[in-house]
Amino acid sequence: MDGTLIIFWAFAGLAVVSALSCITRRSPVASALWLVVTLFSLAALFVLLDAQFIAVLQVLVYAGAIMVLFLFVIMLLNLGRPGPTDLKGPMGLTVGVLLAGGLLVQLLGLRRAVPPPGLALAPGVIARAAAEQGMVPAVARPLFGTYLVPFEITSILLLAAIVGAVVLAKRKL
Amino acid sequence: MLLGPSLAVSAVLFALGVAGVLLRRNAIVIFMCVELMLNAVNLTFVALAQQLGVAGQIFVFFVMAVAAAEAGVGLAIILAIYRHRQTVNLQNINLLKG
């Protein structure tokens, strides 16, 4: 077992444990903070998978912006103190655990998946491209080339989201 | 290679997110569990990008943009509901219940 794999499993374990805490804590603030731990350990996993730029974005956008928005809303609605439990009753609990467990068994079958031999790149190609072109250009070139149209459409999506959020959150237009 | 372990971890995280959505009644916590599921999928994309080319990493960008838009609009909806009902517990928000 080499060093990379040890670090990988350490952060993977941290991600799973904190995700478990996130869905079981009674207080929404505690849930949000555990989710931040999950997002940070996922960023570490991204680094191990040769996606350094995505890892930085994960910390900046997810842990930085989106989770602050969540915490902000929790504070705004004054939901910080843990109230009575919001777990479902025994019936809902059983059905939920069974469904999620079934899904887990199905999805775990995927871990033996291998990319089709014709499509798979030689090991280390992504890391080498990042070393040659720099980490950001390796991602930015295709983003502003092949994927330019989806990128521009994303800006329309964000505009719609801004307008929608303002309209919904405003008391009176 | 880290592909197999990554897919296993993302499967566990996705199932945990689904479990959170199914087991909790607090709208904000359910929302956070949806973000957890999106992140599990992101891990799958990045793991496969290591073997199938950088397009997987670019897809993670789009997932992040959609997640940000979703968080903004969704939290605005939760704010609006809270203003009407003074609660975010989904048990008390049953307007569509027959």
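## How chain A is connected

In chain A, residues 24 or more positions apart account for 52% of the contacts with a separation of 6 or more; two residues are in contact if their C-beta atoms, placed from the backbone, lie within 7 Å. Before going on, note that this is a predicted model, where local features need pLDDT of at least 70, side-chain atom pairs count only at pLDDT 80 or more, and totals for chains, interfaces and linings use all residues. As for names, residues are numbered from 1 along each chain as its sequence is written, while chains are lettered from A and ligands numbered from 1 in the order in which they are written.

## The outline of chain A

Chain A has 7 helices and 0 strands. Here helices (H or I, at least four residues) and strands (E, at least two) are DSSP runs, numbered from the N terminus. Starting from that end, the pattern reads α-α-α-α-α-α-α. The radius of gyration of chain A is 21 Å, well over the 16 Å that the globule rule gives for 173 residues, so the chain is more spread out than a compact globule. That radius is taken over C-alpha atoms, and the globule rule is 2.2 Å times the number of residues to the power 0.38.

Picture a box of roughly 55 × 45 × 25 Å along the principal axes: the C-alpha atoms of chain A fill it. Of the 173 residues, 23% count as buried. The cut-offs work on C-beta atoms placed from the backbone: a residue is buried if 20 or more others lie within 10 Å of its own, exposed if 12 or fewer, and partly exposed in between. Chain A is also divided into domain 1 (1-81) and domain 2 (135-173), with bounds that come from an automatic or database domain assignment. The centres of these two domains, taken over C-alpha atoms, are separated by 23 Å.

## Two helices side by side in chain A

Two packed helices are described by the angle between their axes and the distance between the axes. For helix H2 (residues 28-48) and helix H3 (residues 52-76) of chain A, the axes come within 8 Å and cross at roughly 175°. Axes are lines fitted to C-alpha atoms, for helices over the stretch in contact, and angles run from 0 to 180 degrees between N-to-C directions. H2(A) and H3(A) are therefore roughly antiparallel to each other. The labels go like this: angles under 35 degrees count as roughly parallel, over 145 as roughly antiparallel, 65 to 115 as roughly perpendicular and the rest as oblique.

Who makes the contact? From H2(A) the residues include A:Leu35, A:Leu39 and A:Phe46, and from H3(A) they include A:Ile54, A:Tyr62 and A:Phe70. By class, the contact has 20 nonpolar, 2 polar and no charged residues. In this count, Ala, Val, Leu, Ile, Met, Phe, Trp, Tyr, Cys and Pro are nonpolar, Asp, Glu, Lys and Arg are charged, and the others, Gly among them, are polar.

## Chain B on its own

Chain B has 3 helices and 0 strands, and along the sequence its pattern is α-α-α. Its radius of gyration is 17 Å, well over the 13 Å that the globule rule gives for 98 residues, so chain B is more spread out than a compact globule. The C-alpha atoms of chain B fill a box of roughly 50 × 25 × 20 Å along the principal axes. Of its 98 residues, 54% count as buried.

## Where the chains meet

Chain B puts 62 residues in contact with 68 residues of chain A. On the side of chain B that touches chain A, helix H1 (3-23), helix H2 (27-52) and helix H3 (55-85) each supply at least two residues. The largest share, 22 residues, comes from H3(B). This side of chain B has 48 nonpolar, 11 polar and 3 charged residues.

Now zoom in on B:Val46, which sits in helix H2 of chain B. Is B:Val46 buried or exposed? It counts as buried, with 28 C-beta neighbours inside 10 Å. Leaving aside neighbours within four places in sequence, B:Val46 is in contact with residues of chain A, including A:Phe46 and A:Ile54, and with residues of chain B, including B:Gly56 and B:Val60.

Most residues other than glycine have a negative phi. A:Asp50 has a positive phi of about 65° although it is not a glycine. A:Asp50 lies in the loop between H2 and H3 of chain A, and is buried, with 24 other C-beta atoms within 10 Å.

B:Gln86, also not a glycine, has a positive phi of about 60°. B:Gln86 is in the segment after H3 of chain B and counts as exposed, with 9 C-beta neighbours inside 10 Å.
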